[in-house]
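The sequence and structure come first.

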Amino acid sequence: MRKAAIRYQPKANSLNPTVRPSPSRPRFAPFAPFARFVWPLLLLLFLPITAHAHVGSKDVFQQITAGPYKLFVTVRMPTVIPGIATIEVRTASPVDSIRITPMPLTGEASKHPPTPDAMQHASNSGDPNFYTGSLWMMASGSWQVRFEVSGPAGDATASVPVAAMPLAVLRMDRSLGLILGTLGIVLALGFAGIVGAAVRESRVPPGVAPTAGRSRRALFATGGALVFIGAAILLANHWWKVEAADYAANLYHPFELHPSLAGNALTLAITRDPRDETPADSRRAAQKPIAIQDFLLDHGKVMHLYAIRQPQMDAVFHLHPAPAPDNTLRLTLPSMPAGDYKLYADIVLPGGFPETLTATLSVPPGASVAALAADDASAIPPPLSSGLLGASYKLPDGYTMVWDHPATLAASTATLFRFRLLDPSGSPAQDVQPYLGMAGHAAFVKTDGTVFAHTHPEGSAAMPAVMLANAESPGPPSASESDSGTMPGMNMPTGKLPPVVEFPYGFPTAGVYRIFIQMKHGNTVETGVFDAQVR
């Protein structure tokens, strides 16, 4: 691996969500000091986010090498920012200690890490090589978790990129609101009662009844206290609405994907969400136009596009549109069964922030008779209605792909998925080649469309972000690198490979998933299809 000569120094614009200027909205000045201290705590209760690297899959599962040490890392991102990320590490060999640090992925702050926190042995796991820890993620955008490992072979470091961005505002649960409202009324009445009692009896000797005048003053004081409390509640409610509106205005709205089909030519336009284009939003002046050429290449491609026919998921295509002069992406649509397709488009923004854009596309009968491009892949599996697929999938050319299926699959559990490619005789394939610079590619898709994750043997993080986190250069590749799907400055597998590929991943929710696995042997890209029932 070669070290990057120049680190990206992204400016504040929509292509780099790490730095986002706040819109000029009025704030309620009397409560500004209170807001600075209390607002982050309130966000922990009411404002969840998800990282948008995949669809519905916010956690990061990654295999990394820190010097001589191999780590299997799970980063469970917080549902709010500021929030706490939970980190789990399983080492392949014993180590003395692991320390972790949160850092921005790019920029000057990425060069000055804070004091690291020590991970702890998970003594109740029964695994002496299993460590757990947690880190505060204090800002949204492109981040990295740096691991400092000490062991018998010396010290080493490596980083895992993570993406966090506020995407939604969660309303308070109605029952919780009723409870808090009732308690608030009790506190308000109690405060008013204390004020009235103080005015009526604070200067009256023990055992002496208050005079009528004191009782009247106490009544007025009680009413005044109630008016004061009501005004304070109204002002606090106004402050809350202003702060909530300010936060909502800064929610990150993913780009929108607009497909259009003319004959067999598919054009993909990428635009901002209309909520980011309102004239009143001061961010608009700081945003540059979307420039496809600014996106980072992932395995030599600007975009990895999965098209999956709905609702039976009985046709899948892994395609790679190319940039066009008019700032769109285009490709010649291969021969596809007619129907409605859900599109999942992976891109990586200049600051290393990965996104998966979604759209739908209707393909009419006979739209194209073109063949697949050399780097593209497809499969026509049985429909979902025919029942769940097993752990062995027969491929069109007589090869077979086999999934070493675990006994059980549970949601929110890190799992290493292992697949094997067999030749027509049933023996391990001897002609396995890298596909787009990797031993294989995988897509985990929930059948209801709420989860999509495109992963690699190294893990679920986008490869350009991994390179940025580890001081590698994700710059433009040479023509040969682009054709082969390799990435400059990174050691990619070459030549013949073992007929086995593994993917670390964890299903975020229970349900039925369809898994698409791509491996290459000779000049043929195979797509195996498997179904998983997750409990």
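## Largest nonpolar core

The largest nonpolar core holds 41 residues, and Phe-419, Phe-507 and Ile-517 have the most contacts inside it. At least two residues of this core come from each of the strands β12 (304-310), β20 (400-403), β21 (415-422), β23 (441-446), β24 (452-455), β25 (500-505), β26 (511-521) and β27 (524-534). The biggest share is that of β26, which gives five residues. The model is a predicted one.

Ile-517 is one of the residues with the most contacts inside the core. Leaving aside residues up to four places away in sequence, Ile-517 touches Met-401, Phe-419, His-441, Ala-442 and Phe-503, and also Glu-526, Thr-527, Gly-528 and Phe-530.

## A separate core

Another core, of 33 residues, lies apart from the largest one. Its members include Met-165, Ala-307, Leu-319 and Phe-353.

## His-456

His-456 sits in the loop that runs between β24 and α4 (463-469). Is His-456 buried or exposed? Its relative accessible area is 2%, and the limit for a buried residue is under 20%, so His-456 counts as buried.

With residues up to four places away in sequence not counted, His-456 touches Asp-298, His-299, Met-438, Gly-440, His-441, Ala-461, Phe-503 and Pro-504. His-441 and Phe-503 are also among the residues that Ile-517 touches.

## An open sheet of five strands

Five strands make up an open sheet, ordered β1-β2-β3-β7-β6, with antiparallel pairing. At its edges are β1 (60-66) and β6 (120-121), each of which pairs on one side only.

Within this sheet, β3 (residues 83-91) pairs with β7 (residues 130-137) in the antiparallel sense, over eight bridges. In this pairing, Gly-83 is opposite Met-137 in β7.

## Overall figures

The protein has five helices and 27 strands. Of its 535 residues, 50% are buried. The accessible surface of the protein is about 24,100 Å², and carbon and sulfur atoms account for 61% of that surface.

How many of the contacts between residues at least 6 apart in sequence join residues at least 24 apart? The share is 69%.

Terms used: Residues are numbered from 1 along each chain as its sequence is written. This is a predicted model: local features need pLDDT of at least 70, side-chain atom pairs count only at pLDDT 80 or more; totals for chains, interfaces and linings use all residues. Side-chain values use heavy atoms; hydrogens and water are left out. Two strands pair if DSSP finds at least two bridges between them. Helices (H or I, at least four residues) and strands (E, at least two) are DSSP runs, numbered from the N terminus. Buried means under 20% relative accessible area, exposed over 50%, partly exposed in between (1.4 Å probe, protein chains only). Contact means heavy atoms within 4.5 Å. Accessible areas come from the Shrake-Rupley method with a 1.4 Å probe; for residues, only the protein chains shown count as cover. A nonpolar core is a set of buried Ala, Val, Leu, Ile, Met, Phe, Trp, Tyr and Cys residues joined through side-chain atoms within 4.5 Å.
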